[in-house]
Amino acid sequence: SGLSQQAGSVEQLSLHCAEGSLEWLYPTGALRLRLAPRLPPTSAAVKGGSPPHVTACIKPTGTFRGAQLYLEREGVLELLLPEAPRPRARCFSWLPQEKVALFLQATPQPDISRRIAAFRYELRGDWRARPALPAASASAEGACRPCNDTEILMAICTSDFVIRGSIRSVSNDAELQESIIGVSATRIHRQKFPLFQAGGRAGRPVGSIRTPLRCGVKPGPGTFLFTGWLHFGEAWLSCAPRYRDFQRIYEGAQRTRQNPCEFPVD
């Protein structure tokens with residue numbers, strides 16, 4: 001609570017968890033939030049590869065008021081969230097040796113009426129190879145590019161969800177710049193959380209997967225293998241090959257013993 005802070009003071013905090021939330025009541029002065037995620041060993045740079053990046057995503061609540069959020073990178077401030085922002089995520093990446101923090105500064109108010117500056121955050125390892133980041137991310141340039149064979153094989157092994165199914169509908173949210181794909185699942189190979197639950201025709205599990213609006217997703221016939229990542233509790237699309245194409249790719253990798261994991265194909 002800002003009521004316990006001195007006017008003009010800056011409170012220092014560190015964010016270590018992979019994800020969480022912050023709620024600041026009656027914002028006064030400022031909060032400086034150091035981003036220091038505890039990354040798993042798998043996030044280390046691959047020998048001979050490029051250095052690993054760390055990615056953070058920030059999503060304000062719909063009632064975010066009383067402060068503005070800045071990204072502080074090597075002493076330079078960049079506005080991430082103005083007061084009363086749209087409730088969409090902003091993502092950014094940095095190298096582990098860079099000094100990065102969030103600077104949450106209270107805006108002057110004529111009265112002491114209740115205001116809450118609140119947001120959720122996610123801190124992750126290298127997400128640059130994940131096309132599932134939302135359109136608000138500066139690192140999502142490849143979000144609409146179809147996955148190649150290697151990316152598809154890795155996606156079935158490492159994604160948060162792997163769902164075989166068909167497209168029921170596609171709706172667009174112009175304000176959030178997102179497309180929501182309604183999916184009817186014929187088989188759930190993996191889901192870390194119950195994203196797809198019974199409720200469709202013939203008792204099939206149904207759910208929704210998001211992708212940037214600019215990708216121009218259209219409904220179409222056929223069976224797909226949908227893979228992707230959880231982002232603030234929502235499913236975001238990574239690779240979605242037609243199932244027959246996936247079968248061909250996987251069976252070819254099996255013959256040459258280049259499949260990174262075992263996967264049931266029928």
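Predicted model: local features only at pLDDT ≥ 70, side-chain atom pairs only at ≥ 80, totals over all residues.

Trainee: What makes the phi of E74 worth a remark?

Mentor: Most residues other than glycine have a negative phi. E74 is a residue other than glycine, and its phi is positive, near 55 degrees. A84 is another such residue, with phi near 55 degrees; A84 lies in the loop between β6 and β7.

Trainee: Why is E74 called partly exposed?

Mentor: Under 20% relative accessible area is buried and over 50% is exposed, with partly exposed in between. E74 has 47%, so partly exposed is the label. A84 gets that label too, at 41% relative accessibility.

Trainee: Then why does R115 count as buried?

Mentor: Its relative accessibility is 18%, and the cut-off is under 20%, so R115 is buried. R115 sits in the loop between β8 (100-106) and β9. Leaving aside neighbours within four places in sequence, R115 is in contact with W24, L25, Y26, P27, R65, G66 and Q109.

Trainee: How much of the protein is buried?

Mentor: Buried residues make up 45% of the 266 residues. As for contacts, take those with a separation of 6 or more: 66% of them are between residues 24 or more positions apart. The secondary structure comes to two helices and 15 strands.

Trainee: Why are β2 and β7 called edge strands?

Mentor: Look at the open sheet of four strands, in the order β2-β9-β4-β7, with antiparallel pairing. β2 (19-25) and β7 (90-94) each have a single partner strand, so one side of each is left without a neighbour in the sheet. On average, neighbouring strands of this sheet are turned by 20 degrees against each other, direction ignored.

Trainee: What makes β2 and β9 a pair?

Mentor: The requirement is at least two bridges. β2 and strand β9 (residues 116-124) have seven, in the antiparallel sense, so they pass. For a landmark, E23 stands opposite A118 in β9.

Trainee: On to the helices: how are α1 and α2 placed against each other?

Mentor: Helix α1 (residues 149-158) packs against α2 at an angle of about 90 degrees, with their axes 10 Å apart. An angle from 65 to 115 degrees counts as roughly perpendicular, so that is the label for α1 and α2. In that packing, D149, I152, L153 and I156 in α1 meet F246, I249, Y250 and A253 in α2.

Trainee: Which aromatic residues does the cluster of ring pairs contain?

Mentor: Ring pairs link Y243, F246, Y250 and F263 into a cluster. The structure holds six aromatic pairs.

Trainee: Why is the pair of Y250 and F263 called edge-to-face?

Mentor: Two checks. Ring centres must lie within 6.5 Å, and planes over 60 degrees apart count as edge-to-face. Here the centres are 6.4 Å apart and the planes are at 65 degrees, so the pair is edge-to-face. Y250 belongs to helix α2 (residues 243-255), while F263 is in the segment after α2, 13 residues apart. Both Y250 and F263 are buried.

Trainee: How do you know that R164 lies over the face of Y243?

Mentor: CZ of Arg has to be within 6 Å of the ring centre and within 35 degrees of the ring normal. R164 lies over the face of Y243, at 4.1 Å from the ring centre.

Note on methods. Residues numbered from 1 in each chain as written. Heavy atoms only, no water. Phe/Tyr/Trp six-rings, centres within 6.5 Å; stacked < 30°, edge-to-face > 60°. Buried < 20%, exposed > 50% of the residue type's maximum accessible area, 1.4 Å probe, protein only. Axes fitted to C-alpha atoms, helices over the stretch in contact; angles between N-to-C directions. Parallel < 35°, antiparallel > 145°, perpendicular 65-115°, else oblique. Contact = heavy atoms within 4.5 Å.
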